[in-house]
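The following paragraphs walk through a two-chain model, one element at a time. Please keep the sequence and the coordinates open while reading.

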Amino acid sequence: MGRKLLFDKAHIEGIRYYDVYRANGGYGSAEKALKSMTPDQVLDEVKKSGLRGRGGAGFPTGMKWSFIAKPEGVPRYLVCNADESEPGTFKDRYLMEFIPHLLIEGLLISSYTLGCNSCYIYIRGEYAWIPDILEQAIAEAKKNGWLGKNIQGTGFDLEIYVQRGAGAYICGEETALIESLEGKRGNPRIKPPFPAVKGLWDCPTVVNNVETLAAVVPILRIGGDEYSKYGLGKSTGTKLISACGNINKPGVYEIEMNISVEEFIYSDEYCGGIANGKRLKACIPGGSSVPILPANLLLKTAKGEQRMMTYESLADGGFATGTMLGSGGFIVLDEDQCIVKNTLTFARFYHHESCGQCSPCREGTGWMKRVLQNIENGKGKMSDIDLLWDIQRKIEGNTICPLGDAAAWPVAAAIRHFRDEFEWHVLHPDEATKRNYGLAHYADPLEIAAPAAV
Amino acid sequence: MAEEKKLFKVKIDNISVEVEPGTSILNAARKIGGDIVPPAMCYYSKLQGSGGKCRTCLVKVTKGSEADPRPMPKLVASCRTNVMDGMEVANITSPEVQEARKGVVEFLLLNHPLDCPVCDQAGECHLQDLSYEHGAETTRYEFKRRTFDRIDIGDKIQLHMTRCILCYRCVFTADQLTEKREHGVLGRGEAAEIGTYIQQSLDNNFIGNVIDVCPVGALTDKTFRFKNRVWFLKAVDAHRQCEDPKCCGKTVLWMRGDEVFRVTARKDKYGEVEDWICDTCRFDKKDVKDWVIEGPRNIDRHSVISQGHYVGVHKPKDTLVEVLDGRQPKLLLDIHSISQVNRPDIDLSQIDGPAHSDDFNKQ
């Protein structure tokens with residue numbers, strides 16, 4: 001059994017409620033931080049832990065916190081990004097639904113560290129029932145003196161507000177989230193200025209993912225040094241992975257970042273193997289926006305090493321042969337799945353969710369979707385594949401926010417690794433509407449490239 | 001007080017310029033002028049917060065600054081990126097930028113109807129200029145373009161969303177020039193549209209400026225629609241004493257003969273207005289008598305309006321020579337001023353040949 005830090009008590013009945021949570025050691029970390037540590041000491045612990053942002057980019061949290069501007073007389077804000085809308089990612093939902101107090105405790109410690117007195121949870125509009133759970137937990141915490149004025153007699157004040165989004169993927173981008181929180185249209189802002197300098201209501205703001213903020217609690221409980229001993233290398237601690245697709249046991253798993261991808265898919269502790277005895281064809285390990293990998297590249301890197309569930313190992317090989325850990329939306333595709341259709345699904349999603357502010361993403365996503373629709377429906381041309389490649393290349397990096405990149409990467413990776421399947425779709429339009437390309441050579445062992453001659 | 005401000009040295013396409021801190025790359029390039037100025041479809045210097053959306057002004061920063069010489073990893077929007085001391089920027093010298101710009105133009109034209117032959121903006125359209133300069137000859141888009149119905153917002157302005165490139169300039173104009181916010185962006189992604197929600201009319205004395213800021217033919221002047229082609233009109237600078245204190249009263253009249261076809265604000269060579277004008281000046285003063293005409297307006301934009309006004313002019317034929325079977329008419333009098341010939345002492349019958357002013361000047 002892998003060690004757990006966030007979900008170690010998730011199985012206890014009633015952990016959702018304050019009394020049970022408190023009885024099981026809850027708010028211990030907050031007590032320790034508020035009563036015996038200065039904000040700088042807490043920040044040091046977080047820095048030592050090596051915690052990296054769990055929302056997708058993997059930026060070191062301690063460093064992000066130290067960037068926040070601290071002008072006199074200006075309030076600072078902490079915003080919790082619970083706008084989890086990426087296809088395949090549903091880890092925060094589990095955390096907020098079952099142990100809301102963990103998040104509240106994390107927010108309390110983080111706010112204390114950053115010197116914020118107001119904190120916002122921006123929650124995805126589609127999670128209609130979770131705001132009630134959070135509100136209830138906040139009320140409980142308040143009743144027991146963990147929120148409000150003069151928390152536990154330490155003189156620190158904090159209010160947490162829950163704000164529901166209106167159902168837009170783009171509001172998960174931090175500046176769009178801030179715009180939306182201010183009551184405006186959720187268009188990403190042009191950076192700089194960064195939120196750490198000018199964020200919510202033009203005040204310094206830190207935006208963190210739910211899981212990142214919750215992870216602060218175990219860091220304080222066991223200490224930053226101890227936390228950094230979990231995991232491998234720079235990927236410290238544990239990570240929530242929401243596994244879905246053609247596996248035997250879909251669900252949210254907390255993994256220590258030292259297991260291999262193979263173990264994660266096939267061990268009974270986690271996904272339990274591919275469903276119905278099928279073979280693995282491809283996997284998108286970090287939510288819909290990260291590059292898809294065929295089975296052979298997923299399990300072993302291009303260098304022939306075993307691929308691990310860490311930020312570094314998954315990104316090994318760059319975009320040519322690697323992918324990203326992203327937000328941990330682990331989507332597994334078996335041999336019966338069609339990559340073209342899968343890519344079309346993602347392209348349709350990004351087309352639907354583009355905010356329409358900057359032209360490459362607004363126009364390009366729709367174009368990609370339509371070209372993919374043609375290929376999928378047997379109306380594609382050989383030149384369409386190159387066209388798709390060209391479109392994605394012109395979107396990537398040329399947009400205001402990373403949604404443009406997120407829309408381009410799945411298409412790019414699908415063409416890069418599964419070009420034969422696209423070509424088969426074009427060449428056999430009738431057959432392609434009736435059956436799938438199948439596994440083909442995508443699970444064949446890779447030829448290990450010899451080290452380049454010097 | 002030390003008045004001397006430190007100026008930043010910037011190199012754009014290997015041309016050095018010194019600008020004040022806080023200047024954007026685009027404005028630094030405009031200070032140099034010429035071909036190296038990146039095109040801008042959404043940035044508008046008079047509107048706060050504009051820019052960064054159309055991505056046509058993308059440039060490559062090859063050297064971040066003197067202190068941090070690393071190049072920037074991505075292309076940046078020059079209108080919203082400020083210069084640093086020692087920054088080096090590549091615009092027309094970077095094939096990567098040119099390629100990206102070509103891509104952006106293609107994206108902008110994807111859903112654009114290209115109905116220039118029936119569009120009032122043709123001839124002064126920034127998208128037209130942009131596609132001439134950076135666009136491809138043909139489109140690779142094989143699908144139906146998105147279309148919208150034309151909407152009248154107020155009785156003077158028509159909105160044709162099909163042509164819109166969502167630059168947000170009009171939204172900023174409406175926000176910043178008028179008191180009431182009644183106009184914004186609805187929908188998202190490809191389906192996003194400029195709108196007034198439930199087709200409310202825009203009745204504000206400055207809302208007409210949205211027509212001037214629109215880089216394409218999405219917002220057009222209903223009092224001018226289909227009346228004339230802009231390049232057939234003669235542009236003259238004019239002014240009037242406007243009652244509205246916020247209006248500068250300095251405009252350009254677009255005339256044909258004595259008729260004023262339309263009134264616009266004065267625009268500089270980047271298509272930006274010099275000062276805002278009110279709707280009374282724009283829509284209601286269509287009589288030459290209302291205006292003091294200053295002189296011809298030099299349209300500095302490389303559009304068709306400025307083309308061919310003085311070169312290659314076709315002169316009308318001299319019919320007199322034709323009537324006289326090719327003979328040149330005989331000059332009978334060559335007199336330039338009456339006072340010159342007011343000399344009763346000179347006997348006209350004594351003059352040999354045509355009378356010339358010299359004959360009267362003789363003592």
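In chain B, 3 strands make up an open sheet with the order S6-S7-S10, and their pairing is antiparallel. Strands here are DSSP runs of E of at least two residues, helices are runs of H or I of at least four residues, and both are numbered from the N terminus. Two strands count as paired if DSSP finds at least two bridges between them. The edges of this sheet are strand S6 (151–153) and strand S10 (219–221) of chain B, each of which pairs on one side only. Direction ignored, neighbouring strands of the sheet are turned by 35° against each other on average; axes are lines fitted to C-alpha atoms, for helices over the stretch in contact, and angles run from 0 to 180 degrees between N-to-C directions.

The model is predicted: local features need pLDDT of at least 70 and side-chain atom pairs count only at pLDDT 80 or more, while totals for chains, interfaces and linings use all residues. Residues are numbered from 1 along each chain as its sequence is written, and chains are lettered from A and ligands numbered from 1 in the order in which they are written.

Within the sheet, strand S7 (residues 157–159) of chain B pairs with S10(B) in the antiparallel sense over 3 bridges. One residue pair to look up is B:Gln158, whose bridge partner in S10(B) is B:Thr220.

B:Val59 stands opposite B:Val76 in S4(B). S3(B) also runs antiparallel to strand S5 (residues 88–90) of chain B, with 3 bridges between them. Here B:Lys60 stands opposite B:Ala90 in S5(B).

Next comes the interface. Chain B has 26 residues in contact with 22 residues of chain A, where contact means that the C-beta atoms, placed from the backbone, lie within 7 Å. On the chain B side, helix H2 (residues 95–110) supplies the largest share, 6 residues. By class, this side of chain B has 15 nonpolar, 4 polar and 7 charged residues. For these classes, Ala, Val, Leu, Ile, Met, Phe, Trp, Tyr, Cys and Pro count as nonpolar, Asp, Glu, Lys and Arg as charged, and the others, Gly among them, as polar.

Turning to chain A, its secondary structure comes to 19 helices and 11 strands. The radius of gyration of chain A is 23 Å, close to the 22 Å that the globule rule gives for 454 residues, so chain A is as compact as a globular protein of that length. This radius is taken over C-alpha atoms, and the rule is 2.2 Å times the number of residues to the power 0.38. Along the principal axes, the C-alpha atoms of chain A fill a box of roughly 75 × 50 × 45 Å. Among contacts in chain A between residues at least 6 apart in sequence, 73% join residues at least 24 apart.

Of the 454 residues of chain A, 56% count as buried. A residue is buried if 20 or more other C-beta atoms, placed from the backbone, lie within 10 Å of its own, exposed if 12 or fewer do, and partly exposed in between. Strand S1 (residues 77–82) of chain A has 6 of its 6 residues buried, so the strand is largely enclosed by the rest of the structure. In a regular strand the side chains alternate between the two faces of the sheet. Both faces of S1(A) are covered, with A:Tyr77, A:Val79 and A:Asn81 buried on one side and A:Leu78, A:Cys80 and A:Ala82 buried on the other.

S1(A) pairs in the parallel sense with strand S2 (residues 118–123) of chain A over 6 bridges, and A:Val79 has A:Tyr120 as its bridge partner in S2(A).

The loop between helix H8 (174–181) and strand S4 (205–209) of chain A holds A:Lys198. A:Lys198 has 18 C-beta neighbours inside 10 Å and therefore counts as partly exposed.

Methods:
Two residues are in contact if their C-beta atoms, placed from the backbone, lie within 7 Å.
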